[in-house]
Amino acid sequence: AFQIPTRKVNPAVLHRIIREIATSPEPESGRISKTLRLSSMTVKSHIDVLKTLYVVNEVQPHPQSTGKPRLYLCDAGVCGWLGGTFERQLETAFYVEQFAKLSYLGLEGKVQFSSFRSLRGSFVHGVWESAGKIAFLKILPTERIDKRELMILQSLKERFSSLHPKAYCLAGTRHPETIDGVRALPWEAMA
């Protein structure tokens, strides 16, 4: 049986945290704590409640990444309603889809799913690792693909070359295409 931890929860604090997750450029618990001027323990305990209630997903960073766990709402529509940008809504929809697929296909624990942040701050939204193979995916919130945005994917392909990496990006393109070794897919391909 799954139980919600017994904790004192402040509804006003929950609302502030949820809004911050929807709108923060880097939705990490430390940044949320700093922005909202709340103790890290208060934020952590409220986030634990939100995760237990399936309001928030936590995406772990890849072990070789410099990032911290990032938080996303479990509904892109709610994210938009709370003021999340188009990019945040795309990210939210992507993570909801990925966690649902991993669960539905019974791949939790068999496929390691994470995100990646480079030392320079470039972010890759999806990293899948399984059976000596790896794949990377970056979400681009524009219809035009800026090749500079693909450099992190090319760098990761080189860094993890022994795992036969594949690199993808989701962008506002109409048709799939390959650009400098990166497979560009339309946003609709995430469903």
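Predicted model: local features only at pLDDT ≥ 70, side-chain atom pairs only at ≥ 80, totals over all residues.

Visitor: In which helix is the place of Thr 23?

Guide: Thr 23 belongs to helix 1, which covers residues 11-23.

Visitor: Which residues does Thr 23 touch, not counting those up to four places away in sequence?

Guide: With those neighbours left out, Thr 23 touches Leu 82, Gly 83, Gly 84 and Arg 88. For a distance across the model, take Asp 146: it lies 123 residues from Thr 23 along the chain, and the two C-alpha atoms are 24 Å apart.

Visitor: Arg 88 brings us to another helix. Which residues of helix 5 are buried?

Guide: Helix 5 spans residues 86-104. Its buried residues are Arg 88, Leu 90, Glu 91, Thr 92, Phe 94, Tyr 95, Gln 98 and Leu 102.

Visitor: How many residues does helix 5 have, and what span is expected?

Guide: Helix 5 has 19 residues, and the distance from its first C-alpha to its last is 27 Å, close to the expected 27 Å at 1.5 Å a residue. After helix 5 comes Gly 106, with a positive phi near 70 degrees.

Visitor: Now the sheet. How do strands of a sheet pair?

Guide: Strands pair through backbone hydrogen bonds, in a parallel or antiparallel sense. In this model, 6 strands make an open sheet with mixed pairing, in the order 3-4-5-6-8-7. From one strand to the next, the twist averages 30 degrees.

Visitor: Which helix packs on the sheet and touches strand 8?

Guide: Helix 6 (residues 151-159) does so, and it also touches strand 3, strand 4, strand 5 and strand 6; its direction makes about 170 degrees with that of strand 5. Helix 5 lies across strand 3, strand 4 (123-130), strand 5 (133-139) and strand 6, and runs at about 10 degrees to strand 4.

Visitor: Is strand 8 mostly covered or mostly open?

Guide: Strand 8 (residues 182-186) is mostly covered, with 4 of its 5 residues buried.

Visitor: In which sense does strand 6 pair with strand 8?

Guide: Strand 6 (residues 166-171) and strand 8 are parallel, with 4 bridges; Leu 170 has Leu 185 of strand 8 as its bridge partner. Strand 7 (residues 177-179) pairs with strand 8 in the antiparallel sense over 3 bridges. Glu 177 is bridged to Ala 184, and Thr 178 to Arg 183. The hairpin of strand 7 and strand 8 has 2 residues between the strands, and Asp 180 there takes a positive phi near 50 degrees.

Visitor: At what angle do helix 2 and helix 3 pack?

Guide: Helix 2 (residues 29-36) and helix 3 (residues 40-52) pack at about 120 degrees, their axes 9 Å apart. The two helices are therefore oblique to each other. Their crossing is right-handed. Ser 29, Ile 32 and Ser 33 of helix 2 make the contact with Ser 40, Val 43 and Ile 47 of helix 3.

Conventions:
Residues numbered from 1 in each chain as written. Heavy atoms only, no water. Buried < 20%, exposed > 50% of the residue type's maximum accessible area, 1.4 Å probe, protein only. Pairing = 2+ DSSP bridges. Axes fitted to C-alpha atoms, helices over the stretch in contact; angles between N-to-C directions. Contact = heavy atoms within 4.5 Å. Expected span 1.5 Å × (residues − 1). Parallel < 35°, antiparallel > 145°, perpendicular 65-115°, else oblique. Left-handed = near helix turned anticlockwise from the far one by under 90°.
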